[in-house]
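This briefing covers helix packing, selected residues, salt bridges and backbone angles. Please read it alongside the sequence and the coordinates.

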Amino acid sequence: MRGRIEMILTAAKAEGLRTGDNPAAWRERIKPLLPSKRKVRAVVHHPALPYPLLPKFMVSLRADQSDSALLLQFIIGTAARYNEGAFADWTEIESDEKLWTIPGARMKGDRSDKPHVVL
């Protein structure tokens, strides 16, 4: 929400509808007032499945034909992030070439200019 407000106020200034600093500007106004994320809360990652257990886990996943199990198989097989796999579209997949081209806008960090190709 803050980001949208910042964009609106920046656009209003560019159109001559307002003057002065942008009170919603993250880098100049707000970020210096806040502690870093690391100081607020330590990052705790989800534990990974030990590699030797993967074959047995994949067998159990294949036995489950639910959408969730199929999505998880796809994500594991492509080493994709959840959002990349969950929002994949058939138009992104070239079955003959065995390629999946993920639009940059859906990748972490919104790399709109750079699609990611998965072999």
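At what angle do helix α4 and helix α5 pack, and how far apart are their axes? The angle between α4 (residues 54–63) and α5 (residues 67–78) is about 145 degrees, and the axes are 9 Å apart. This is a predicted model, in which local features need pLDDT of at least 70 and side-chain atom pairs count only at pLDDT 80 or more, whereas totals for chains, interfaces and linings use all residues. Residues are numbered from 1 along each chain as its sequence is written, and side-chain values use heavy atoms, with hydrogens and water left out.

- Two packed helices are described by the angle between their axes and the distance between the axes.
- The axes are lines fitted to C-alpha atoms, for helices over the stretch in contact, and angles run from 0 to 180 degrees between N-to-C directions.
- Helices (H or I, at least four residues) and strands (E, at least two) are DSSP runs, numbered from the N terminus.
- α4 and α5 cross in a left-handed sense, meaning that the near helix is turned anticlockwise from the far one by less than a right angle.
- On the α4 side the contact (heavy atoms within 4.5 Å) is made by L54, F57, M58, L61 and R62, and on the α5 side by A69, L72, Q73 and I76.
- Sorted by class, this contact of α4 with α5 has seven nonpolar residues, one polar and one charged.
- In this sorting Ala, Val, Leu, Ile, Met, Phe, Trp, Tyr, Cys and Pro count as nonpolar, Asp, Glu, Lys and Arg as charged, and the others, Gly among them, as polar.

- Q73, in helix α5, counts as buried because its relative accessibility is 17%; buried means under 20% relative accessible area, exposed over 50%, and partly exposed in between (1.4 Å probe, protein chains only).
- A polar atom of the Q73 side chain lies 3.3 Å from the backbone oxygen of L61.
- Not counting residues up to four places away in sequence, Q73 touches M58, L61, R62 and D64.
- Y82 belongs to helix α6 (residues 82–86) and is exposed, with a relative accessible area of 51%.
- With residues up to four places away in sequence not counted, Y82 touches L71 and I75.
- The C-alpha atoms of Y82 and L71 are 8.7 Å apart, and the two residues are eleven apart in sequence.

**Salt bridges**

- The whole structure has two salt bridges, each defined by a side-chain nitrogen of Lys or Arg within 4 Å of a carboxyl oxygen of Asp or Glu.
- R2 pairs with E6 in a salt bridge, with 2.5 Å between the closest N and O atoms.
- R2 and E6 are about one helical turn apart because they are four residues apart in helix α1 (residues 2–14).
- R2 is partly exposed at 31% relative accessibility, and E6 is partly exposed at 21%.
- E92 and R106 form a salt bridge through their side chains, at 2.7 Å from N to O.
- E92 is in the loop between α6 and β1 (93–94) and R106 in the loop between β2 (99–102) and β3 (116–118), so the pair ties together parts that are 14 residues apart in sequence.
- E92 is buried, with a relative accessible area of 9%.

**Positive phi angles**

- A79 is not a glycine, although its phi is positive, at about 55 degrees.
- A79 sits in the loop between α5 and α6 and is exposed, with 69% relative accessible area.
- K98, which is not a glycine, has a positive phi of about 55 degrees.
- K98 sits in the loop between β1 and β2 and is exposed, with 66% relative accessible area.

Definitions and conventions
A polar contact is a pair of N or O atoms within 3.5 Å; within protein, one must be able to donate a hydrogen and the other to accept it, and residues adjacent in sequence count only if both atoms are side-chain atoms.
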